[in-house]
Amino acid sequence: MNKRRKLIAGNWKMNGLRAEGVELARALANRVRTTALDCELLVCPPATLLTLVHDSIAGSGLLLGGQDCHPCAAGDFTGSISAEMLKDAGCSHVIVGHSERRHGCGETDSDVRAKVAAAWRAGLIPIVCVGETSEEHSTRKAPEIVVGQLTRSLPDGASPEKLVVAYEPAWAIGSGRLPEAAEISEVHAAISAQVPAETRILYGGSVTERSAADILRIPNVGGTLEGRASLHVEDFWAIACSCSASTTR
Ligand code: PGA
């Protein structure tokens, strides 16, 4: 059983202009400053907001992450951002291999593996996303599919301090549909057998403030990764507060 504090991560995706991004970040930072949370709280804004958000949350304990990184440290890669740049902007984490990049931008497991290596090189903690498609889900082989994806996406040298895994079924992202608790439990157990003990394994895909506490109680669930719910202070905060509900029962 994982005894580490849970990680609640918000992926803002391509949402937020400066004013609303700073307002959301400030509101969360103020709450983190004045509340003893049972979890770590992380926001991953779009790259244009990273330095602004960094300055708005400085010293609060709210963590900052990027949404993707390039495998190389620098060079002729128009439009890309390196792990070193994210570190320089104040990030501690970076999401890699999100389903919207795997399926929307053709990212392969070996691309993801190179990005994980880049994150480690820069001193960032990668949040490595894996998850089956709707067709794969219907074959009832999600655990094998996800474990295959993960093992191909991870370089050697993982440790619980350097790695977070996120199980995000592609069909559950943004759809309002959730897997059964037994399905989440089965996939998380399969992942936890492949990664060093105490590695946090998040669940992501249509998590809301209503479903979070039940999800966080499932064995081997070390936190959650949310998109839509992370754009609303009250919803995201309620999910963070669900961590206490999940540990005190
Ligand atoms: P969602 O997105 O919470 O809006 O379903 C989750 C994610 O893509 O990380």
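**View 1. A closed barrel of eight strands in a predicted model.** The strands of this closed barrel follow one another in the order β1-β2-β3-β4-β5-β6-β7-β8, with parallel pairing, where two strands pair if DSSP finds at least two bridges between them. From one strand to the next, the twist averages 25°. Strands (E, at least two residues) and helices (H or I, at least four residues) are DSSP runs, numbered from the N terminus. The model is predicted, so that local features need pLDDT of at least 70 and side-chain atom pairs count only at pLDDT 80 or more, while totals for chains, interfaces and linings use all residues. Residues are numbered from 1 along each chain as its sequence is written, and side-chain values use heavy atoms, with hydrogens and water left out.

**View 2. Strands β6 and β7 with helix α8.** Strand β6, residues 164-167, pairs in the parallel sense with strand β7, residues 200-204, over four bridges. Within this pairing, Val-164 has Arg-200 of β7 as its bridge partner. Helix α8 (residues 181-192) packs on the sheet and touches β5 (125-130), β6 and β7, and its direction makes about 150° with that of β7; such angles run from 0 to 180 degrees between N-to-C directions, and the axes are lines fitted to C-alpha atoms, for helices over the stretch in contact.

**View 3. Leu-41 and the nonpolar cores.** A nonpolar core is a set of buried Ala, Val, Leu, Ile, Met, Phe, Trp, Tyr and Cys residues joined through side-chain atoms within 4.5 Å, and buried means under 20% relative accessible area (1.4 Å probe, protein chains only). The largest nonpolar core has 61 residues, of which Leu-41 and Ile-191 touch the most other members. Not counting residues up to four places away in sequence, Leu-41 touches residues including Ile-8, Val-32, Phe-236 and Trp-237, contact being heavy atoms within 4.5 Å. A second, separate core of 11 residues includes Leu-7, Cys-44, Val-164 and Leu-225.

**View 4. The residues around the ligand.** Among the residues around the ligand are Asn-11, Lys-13, His-98, Glu-168, Ser-206 and Gly-227, a residue being near a molecule if one of its heavy atoms lies within 4 Å of it. From an oxygen atom of the ligand, a polar side-chain atom of His-98 lies 2.6 Å away. A polar backbone atom of Ser-206 is 2.7 Å from an oxygen atom of the ligand, and for a polar backbone atom of Gly-227 the distance to an oxygen atom of the ligand is 2.8 Å.

Definitions and conventions: Buried < 20%, exposed > 50% of the residue type's maximum accessible area, 1.4 Å probe, protein only. Polar contact = N/O pair within 3.5 Å; in protein donor to acceptor, adjacent residues only side chain to side chain.
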